[in-house]
Each structure stands twice: as structure tokens, then as C-alpha cells.
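Today I went through the aromatic side chains. I took notes as I looked things up.

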Amino acid sequence: MLRKMGEAVARVARKVNETVESSSDTLDLADCKLVSFPICIYKVLRNVSDQIHLITLANNELKSLTSKFMTTFSQLRELHLEGNLLHRLPSEVSSLQHLKAIDLSRNQFQDFPEQLTTLPELETINLEENEIMDVPVEKLATMPALRVINLRLNPLSADVRVIAPPLIKFDMLMSPEDAQAPLP
């Protein structure tokens, strides 16, 4: 087990170093078995954090993200967090004023992360396969850049299904009422 942990740590270090050395705008830490965002990465990336526009933390075991993560990477354009154990976002997600796309699919959200409705550039929200029943349709309708919100495989209330279509100017993807998420 220690060997596997050592391999995972080495993999994360290698990926972070690649980002720094190549002055890349992308940090890809997908499938690294992370349970939290490593604090040491903030120090390693402190000189390039403003250059990072895409972070992928997909398919890890993250239960939460800190406010420091959101404020450190405030220049993000895309954030991929699919396949984790997230159930909420810190309020500081509102500091991601340049964010265009966020993928929160296959997590554990029961409440729609309303802080996302304050992001002026946000075009795509993916919340597929969570446990969301209610959606702030009125707030979403006021988002100037929103094009698509994916809510497939969520137990959406009948109210959302009826109220949303006449109010929105973007694509709201929903499963048929009787569809359910596949069993693990």
C-alpha cells in the first residue's frame, strides 16, 4: 500500500512539475487518488497560478475544495471536477470571474451550487448524475453567457420541469422523468 501511495505522490509531483517547466496553462491531476488538493502545490505554482486557465481534478476522491483553491486560481476558464465526492462549493467560487465551463458531474450535490449563478462568463454547467431536485431557474435565466446546463440523471422536481422551459434562453438538458442514474 505504501508503494502505491508513493507512486501516486510521484505522479502528482511529475504532473505539477510539467505544468511549471512548460509554462502550461493546464494542470491535469485527474485520476491521482486525491482526497484533497495538496497544499504544497500552492507554493510550487505560486509564480504561474495566474497563467493556469484549465484545471482537471476528475475522478479523484475529493470531498471539498478550499476557498484558497478558488482565490489562488482566479484566472480559470475551465474547471473539471467530475467523478469526485463533492457536495458543495466554497462561496469563493464567485471569484472565478473568467470561468466559462465547470463540470461537476458524478458528484454528490443535493443542492444546486447557486454561487455559479454569479459568474458572468459561465457558458456551460455540467451537473449530470448528482442528487439535485431543485434548480434556481430565475437566477439561471439572468446569466448572460449561459448556453447549456446538463441536469441529466438528477431527481428534478416536477416544478423545475414545468417552470424552466418558458423562462430560459439556454439549453437545459434533463432526463425523462422516470430515468434514474445507473447503479454503481
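Phe 37 has 7% relative accessibility. The cut-off for buried is under 20%, so Phe 37 counts as buried. I kept in mind that this is a predicted model.

Next I looked up Phe 73. Its relative accessibility is 0%, so Phe 73 counts as buried.

I then counted aromatic pairs. The structure holds five of them. I checked how Phe 37 and Phe 73 meet. Their ring centres are 5.9 Å apart and their planes stand at 80°. Edge-to-face needs planes over 60 degrees apart, so this pair is edge-to-face.

Where do Phe 37 and Phe 73 sit in the chain? I found Phe 37 in the loop between strand S1 (26–28) and helix H2 (40–44). Phe 73 is in the loop between helix H3 (67–72) and strand S3 (78–80). The two are 36 residues apart, and the pair links distant parts of the chain.

Phe 73 also pairs with Phe 69. I noted 5.2 Å centre to centre and 55° between the planes, a tilted pair. Phe 69 has 0% relative accessibility, so I logged Phe 69 as buried.

Which residues make up the aromatic cluster? I listed Phe 37, Tyr 42, Phe 69 and Phe 73 as one cluster.

Last, I looked at Tyr 42. The charged end of Lys 68 sits over the Tyr 42 ring, 5.0 Å from the ring centre.

How values were computed: Residues are numbered from 1 along each chain as its sequence is written. This is a predicted model: local features need pLDDT of at least 70, side-chain atom pairs count only at pLDDT 80 or more; totals for chains, interfaces and linings use all residues. Side-chain values use heavy atoms; hydrogens and water are left out. Rings of Phe, Tyr and Trp (its six-membered ring) pair if their centres lie within 6.5 Å; planes under 30 degrees apart count as stacked, over 60 as edge-to-face and the rest as tilted. Helices (H or I, at least four residues) and strands (E, at least two) are DSSP runs, numbered from the N terminus. Buried means under 20% relative accessible area, exposed over 50%, partly exposed in between (1.4 Å probe, protein chains only). A charge sits over a ring if NZ of Lys or CZ of Arg is within 6 Å of the ring centre and within 35 degrees of the ring normal.
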